[in-house]
Amino acid sequence: MNQDLEKLIAEALTNKSLLVVEDTSSSRMLVAGLLRGLGATRVVAAVDGVDALAKIQAQHLVPDVVLCDWVMPNMDGLELLTRLKADYPAVKFIMMTVKTEAEAVILARKHGVDGYVAKPFSRESITAALAKVLGIAVG
Amino acid sequence: MTAWRQAPVVADAVAAELARDLDPEDLSQILDAFRVDIGSRAGELAMALAGGHVEPAQRAVHSLKGAALNLGFFRLGQMCAHLQQLAQTGDLAAIVVLWPEFAATCNDSLGRLGHSGLAFEIDSSIVRP
């Protein structure tokens, strides 16, 4: 991975709050750990869409970037995307999913998704998605 | 159809990447959480199979597939992908037939995490192929 890009990402993340939404605990912790490794200092985790909305309301803190699984119980990623974009249009939303077929990507785009990370993910794929949504040019 | 059998229990390249990219304490906690995920998702699958419930079975293997592949546990992840395809067609009987191999694959993964043979004492009494 380009070290200059990682440096720019780290700088951009220092004053950003991030919300990780994923129902499987090891995957949730993995995303949060990778984000911290990239320089994020404010990372909140939620287990599904319902939990994510509850945490946003309870903490009165709208995240700058949401990284969210698609398939989850209670409220899935697509519904969370729809609700967040309705209430907080400035939130950048990255969908992390195995649903990479064209129909799924188009559906997510229709609902306003800003970035897409195919599972299984890596530091590189998360970095690339963050660069896109944060407006950092990949050299 | 049985490609998972040739896959490594853990892909060394992914393990090396994770060791490079994560704080050692974070990685240790993530692998501990994965050990718990294996047991809980396998338990959910066992219950779904025992009750003949397709959707929870699909959800359990989908979730475990993602967790396993993210951490480089390719044999388990690829087997879960196959089980998910079976669940999507509603063929729970085929999953029940594969249950002993699934349990062995989970235990191989747990073995690599230093926790072999913990997950299936209860589950194997629920699912009898």
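Student: What makes the meeting of the side chains of R41(B) and D23(A) a salt bridge?

Tutor: Good place to start, and keep in mind that this is a predicted model. The distance from N to O between R41(B) and D23(A) is 3.7 Å. The rule asks for a nitrogen of Lys or Arg within 4 Å of a carboxyl oxygen of Asp or Glu, so this pair qualifies.

Student: How many salt bridges does the rule find across the interface of chain B and chain A?

Tutor: It finds four. Eight residue pairs across that interface are also in polar contact. On chain B, helix 1 (12-21), helix 2 (24-51) and helix 3 (54-70) each supply at least two residues of the side that touches chain A. That side divides into eight nonpolar, five polar and seven charged residues.

Student: How do you know that the chains are in contact, and how many residues take part?

Tutor: Contact means heavy atoms within 4.5 Å, and therefore 20 residues of chain B count as touching 18 residues of chain A.

Student: What is the area buried between chain B and chain A, and which residues of chain B lose the most?

Tutor: The buried area is about 1600 Å², with carbon and sulfur atoms giving 58% of it. In chain B, D21(B), H62(B) and N70(B) lose the most area to chain A, together 32% of what that side buries.

Student: Where in chain A does UniProt place "domain: Response regulatory"?

Tutor: The unreviewed UniProt entry places that feature at residues 17-134. Over this stretch of chain A, the chain is 47% helix and 21% strand, and the end C-alpha atoms are 12 Å apart.

Terms used. Residues numbered from 1 in each chain as written. Chains lettered and ligands numbered in written order. Predicted model: local features only at pLDDT ≥ 70, side-chain atom pairs only at ≥ 80, totals over all residues. Heavy atoms only, no water. UniProt positions renumbered as here; feature names shortened; annotations may be inferred. Helix = DSSP H or I, 4+ residues; strand = E, 2+ residues; numbered from the N terminus. Buried area = accessible area lost by both parts, 1.4 Å probe. Polar contact = N/O pair within 3.5 Å; in protein donor to acceptor, adjacent residues only side chain to side chain. Nonpolar A, V, L, I, M, F, W, Y, C, P; charged D, E, K, R; others polar.
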